[in-house]
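Colleague: Hey, I've just opened this one and I'm new to it. Can you walk me through the pockets and then the overall fold?

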Amino acid sequence: MDLLFPTIVHDIKVSSFNEVQDDLIKFSYQQKKKDPKGVIKSNIGGWQSAGEYMVSEDNILQDLIISSVSTYFCDTKLFKKEIKVKIKSLWININGKNDYNQLHTHPNSDLSGVFWIKTPKDCGKLELRSPGSHYQHQELMSYTDSISESLLFHSAYSYPAVAGLIRLFPSSLDHQVYPNKSNQDRISASFNVGLY
């Protein structure tokens, strides 16, 4: 068997996360205090900041994400030299008990990312849906569990929320975040990336 047309998911471990985690949590709650209503997009319950303003302000969250993503692509040399990576929008998510994000995509961007800031136990996984989950449904359901697992050939795949980790994936992928079952807030930042 050959693997053809893979979907690439990038994991970026934020190196300075332990030193700044408390500051990131404080910053997130400060943003919520400034705009307690927030916006409703894919969030069911919880609070989401308006996304466009963040990329025009200098702040700890934006600086850390830009630095981490830029360093990752510079160090790995995954893209051609002439490709520019630009953060197009950035927002904060604070989800309390039973809050979640319904299935959605991020149009008008190339990659989307989540940066987990605070992740209590059972706070909800990120699920990415296969682009072939509809038109390859029968084939996806036909392979043995060992083949599906060894090739990561699933109709959907769930990742645990890990504080200090950025996960990047194609913006066109349907994705959702499961309900937070803990009694503490789950805090993350989501963002969209353009490739030029």
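This is a predicted model: local features need pLDDT of at least 70, side-chain atom pairs count only at pLDDT 80 or more; totals for chains, interfaces and linings use all residues.

Colleague: Which residues lie closest to the centre of the largest pocket?

Modeller: Its lining counts 26 residues, and the closest to the centre are Pro-6, Thr-7, Leu-151, Leu-152 and Phe-153.

Colleague: And which helices or strands supply at least two residues of that lining?

Modeller: Look at β7 (126–129), α3 (137–142) and β8 (156–159), each of which supplies at least two. β8 gives the most to the lining of the largest pocket, with 3 residues.

Colleague: How do the lining residues of the largest pocket divide into nonpolar, polar and charged?

Modeller: There are 18 nonpolar residues in that lining, along with 5 polar and 3 charged.

Colleague: Which elements give two or more residues to the lining of the second largest pocket?

Modeller: The elements that do so are β4 (85–95), β5 (100–104), β6 (111–118), β10 (175–177) and β11 (186–195). β4 gives the most there, with 5 residues.

Colleague: Let's zoom out. How many helices and strands does the chain have?

Modeller: The chain has 4 helices and 11 strands. Its radius of gyration is 17 Å, close to the 16 Å from the globule rule for 196 residues, so the chain is as compact as a globular protein of that length.

Colleague: What does the C-alpha trace span along its principal axes?

Modeller: The span is about 50 × 45 × 30 Å.

Colleague: And how many of the 196 residues count as buried?

Modeller: As a share of the chain, 42% count as buried. The accessible surface of the chain is about 11,300 Å², and carbon and sulfur atoms account for 53% of that surface.

Colleague: Last one, on contacts. What share of those with a separation of 6 or more comes from residues 24 or more positions apart?

Modeller: Such pairs make up 85% of the contacts with a separation of 6 or more.

Conventions
Residues are numbered from 1 along each chain as its sequence is written. Side-chain values use heavy atoms; hydrogens and water are left out. On a 1 Å grid over the protein atoms alone, a cavity is a set of points where a 1.4 Å probe fits but cannot get out, and a pocket is an open set with protein on both sides within 12 Å along at least five of seven lines; lining residues have an atom within 4 Å of a point. Ala, Val, Leu, Ile, Met, Phe, Trp, Tyr, Cys and Pro count as nonpolar, Asp, Glu, Lys and Arg as charged, and the others, Gly among them, as polar. The radius of gyration is taken over C-alpha atoms; the globule rule is 2.2 Å times the number of residues to the power 0.38. Buried means under 20% relative accessible area, exposed over 50%, partly exposed in between (1.4 Å probe, protein chains only). Contact means heavy atoms within 4.5 Å. Accessible areas come from the Shrake-Rupley method with a 1.4 Å probe; for residues, only the protein chains shown count as cover.
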